[in-house]
Amino acid sequence: MKAPDFELPADNGEIIKLMDYKGKTVVLYFYPKDSTPGCTQEACSFRDNFARITAKGVAVLGISKDSIKKHKNFKEKNELPFLLLSDENNNVCEKYQVWKEKMNFGKKYFGIERSTFLIDNKGNIVKEWRKVKVNGHVDEVLKEIENLK
C-alpha cells in the first residue's frame, strides 16, 4: 500500500514532506502526547536505538497533534535526535487512520492510537503496528528493518 503523502511543520522550523524521503526507508510513528509517560518512554527508546536504525539508512519521524513549541521542549528535555512533526489540524492522523475513539476510566474521547509505519524506499507501507505496546516495540521495528535488506 502506498504511504499517504503529507506536508507538516517540524520542530526544526522546516516543512517536511514524506516525498522528501523518497529513496529512503522511513519509520513514521504516531504518538498521543508529548511528555506523557508512555510517549516519553517510546521516544527515548527510538533515541536509544537511533544509531542502530540510521546505520541501516532509515529515517525516524514522530508525529502528534502537539504544537511545535511543545515538540521543541519535549525534544530538548529528552535529547531526541529525530524530527517531531506537528499535525495540529489532524489531517495526517486521519490519512493514516490513527485518530480513534478511545476510552479512559469509562469516558469516551478521540485521540491518536499509538501506531508505527515502516515505509520502504519506494514509498510503500511494508509493515504497520497498531495499538503499540511500548516495551520491546523498537526491537520489533529493527527486526522488520533487517528483513527489508
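## Nonpolar cores

The largest nonpolar core has 23 residues, and the members that touch the most others are F6, L28, F30, L85, Y96 and I119. A nonpolar core is a set of buried Ala, Val, Leu, Ile, Met, Phe, Trp, Tyr and Cys residues joined through side-chain atoms within 4.5 Å; buried means under 20% relative accessible area with a 1.4 Å probe, protein chains only. Two or more residues each come from strand 3 (25-30), strand 4 (58-64), strand 5 (83-86), helix 4 (91-95) and strand 8 (115-119). Helices (H or I, at least four residues) and strands (E, at least two) are DSSP runs, numbered from the N terminus. A second, separate core of 21 residues includes C39, V58, L80 and L84.

The model is predicted: local features need pLDDT of at least 70 and side-chain atom pairs pLDDT 80 or more, while totals for chains, interfaces and linings use all residues. Residues are numbered from 1 along each chain as its sequence is written, and side-chain values use heavy atoms, without hydrogens and water.

Leaving out residues up to four places away in sequence, Y96 touches A3, P4, F6, L18, L28, F30, F117, I119, I125 and R130. Contact means heavy atoms within 4.5 Å.

I16 lies in strand 2 (residues 15-17) and is buried, with a relative accessible area of 4%. I16 and L83 are 67 residues apart in sequence, yet 9.2 Å apart in space, C-alpha to C-alpha.

Methods: Buried means under 20% relative accessible area, exposed over 50%, partly exposed in between (1.4 Å probe, protein chains only).
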